[in-house]
Structures are given as C-alpha cells and as structure tokens.
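Hi everyone, thanks for coming. Let me put today's structure up on the screen, and then I'll walk you through it.

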Amino acid sequence: MLDYEKPSPPPDDRRWKVVDRTMRSHGYEPHALIQVLHTAQETFGYLDEEVMRYVAASMRVPLSQVYGVATFYHFFTLKPQGEHTCVVCTGTACYIKGADSLLAAVEEVTGAKAGETSADGKVSVVTARCIGSCGLAPVAVLDGEAVGKIAVDGIKERIREWTSIAGDNGGAPPAGIPTTPVEGPAPQNPIIEGVTAHDTRRAS
Ligand code: FES
C-alpha cells in the first residue's frame with residue numbers, strides 16, 4: 001500500500017513552491033511525472049532522494065516509479081557525489097546579474113565544470129535554471145543553503161572554506177578561512193529573506 005502522506009517542505013524555501021506549482025498545474029496527475037521531474041531538476045539542479053520522495057508522495061506514485069524514471073532518462077541527474085554541492089542559478093535574472101561570472105569563478109576554484117565533481121571529490125558543481133528567488137539575483141545554493149546577491153569573491157571564499165584550496169596570496173588561504181576542511185552539518189542560519197537554510201543532501 002502506498003504511503004500517500006504529503007511531506008511538508010521548508011515553508012520559506014521557494015524552490016519547493018516552484019515544484020508545487022508545476023504539480024498543481026498538471027492536477028497532480030501521474031502522467032505528468034516527467035514534466036514535474038524536469039521542473040524539480042531545473043530548480044534544484046539535480047534530483048535527490050528528498051525531492052523524489054516529495055514528488056512521489058504528492059503525485060501519489062510509488063517512489064520506485066520516480067526512481068525508475070529519474071534513472072532511465074539520461075537528461076535526469078541524481079544528486080552528485082561530491083562532499084559539498086554548489087548550485088549556481090543560471091536563470092535569466094541571475095544571468096543578467098552575473099551568474100556566468102559566478103560559475104566561471106566556481107569552475108576556476110574547483111577545477112570542475114558544471115555537472116562535474118572536483119578531482120579531490122570535495123565539490124560538485126551544478127547549475128539550475130531558476131530557484132524562485134529572482135529578486136535576490138544572483139543566487140547560489142551552497143550545501144542546500146540559498147545565498148542571494150552573492151559576489152564572485154564571496155562564492156570563491158565559501159568554496160575555499162570547503163576545500164582549503166589556496167588563494168592567490170602566495171598560497172596562504174584568505175584571512176579568517178580555516179586551513180582544514182569544515183566538518184559537520186551545513187550552517188543553519190537563513191541567509192536571504194524568504195529562503196531558509198535547507199539541506200537537500202540525501203539521507204545515508
Ligand atoms: S533566475 Fe535565478 S532565482 Fe530566478
């Protein structure tokens with residue numbers, strides 16, 4: 001018997017509202033599963049277990065069916081395997097505000113292109129089409145934490161915190177940046193108005 005209880009996503013995280021809107025527009029009909037997963041991937045950058053469970057419960061289809069679709073079609077990507085995940089929104093509003101520079105900076109610091117994980121396995125680089133926070137563009141989601149109006153230097157610094165990759169100052173990390181990888185859960189503080197920190201990492 002299917003578990004039809006609809007999970008409650010973080011109420012202030014607009015990404016879930018984008019997915020909800022698509023499901024609602026299709027009347028939560030199971031035949032719209034591919035379209036909904038497309039929206040979810042464009043919004044989150046990839047499909048992780050939490051997203052697939054949410055879609056399955058909301059559309060009343062077995063989780064196995066959602067997994068089946070997500071793994072069958074090559075255009076779907078499951079959550080990347082890097083220790084940390086950096087999603088750069090490349091939707092129109094963010095693009096106008098410099099998303100391409102952000103992405104270039106992330107690729108430079110990690111050595112990984114969008115869709116790839118850095119050679120040391122520390123950081124997966126992902127792009128999303130729009131995460132629903134256009135007014136705060138450019139936006140990136142760092143380990144599930146949406147950060148609005150982020151600058152190139154800011155995103156580089158955050159990634160260097162993850163990786164301890166040396167900065168441009170003679171090999172020493174920037175002041176205030178720890179020299180060892182940051183352990184433990186993602187920061188819990190909300191970063192931008194209307195978007196609450198939310199960890200989308202797959203449960204182990
Ligand atoms: S285009 Fe980036 S949040 Fe909408």
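First, a definition: I call a residue buried if 20 or more other C-beta atoms lie within 10 Å of its own, exposed if 12 or fewer, and partly exposed in between, with C-beta atoms placed from the backbone. This is a predicted model, so local features need pLDDT of at least 70 and side-chain atom pairs count only at pLDDT 80 or more, while totals for chains, interfaces and linings use all residues. Residues are numbered from 1 along each chain as its sequence is written.

The protein has 7 helices and 4 strands; these are DSSP runs, numbered from the N terminus, with helices being H or I of at least four residues and strands E of at least two. Of its 204 residues, 40% are buried.

Now to helix 3, residues 49–59: its buried residues are Glu50, Val51, Met52, Tyr54, Val55, Ala56 and Met59. What do they pack against? Their partners are helix 1 (14–25), helix 2 (33–44) and helix 4 (63–72), where contact means C-beta atoms, placed from the backbone, within 7 Å. Just after helix 3, arginine 60 takes a positive phi of about 60°.

Next, helix 6 (residues 99–110) and helix 7 (residues 152–163) pack at an angle of about 30°, their axes 9 Å apart. Axes here are lines fitted to C-alpha atoms, for helices over the stretch in contact, and angles run from 0 to 180 degrees between N-to-C directions. Helix 6 and helix 7 are therefore roughly parallel, a label for angles under 35 degrees. Their contact includes Leu102 and Val106 of helix 6 and Ile155 and Ile159 of helix 7.

Terms used
Angles under 35 degrees count as roughly parallel, over 145 as roughly antiparallel, 65 to 115 as roughly perpendicular and the rest as oblique. Two residues are in contact if their C-beta atoms, placed from the backbone, lie within 7 Å.
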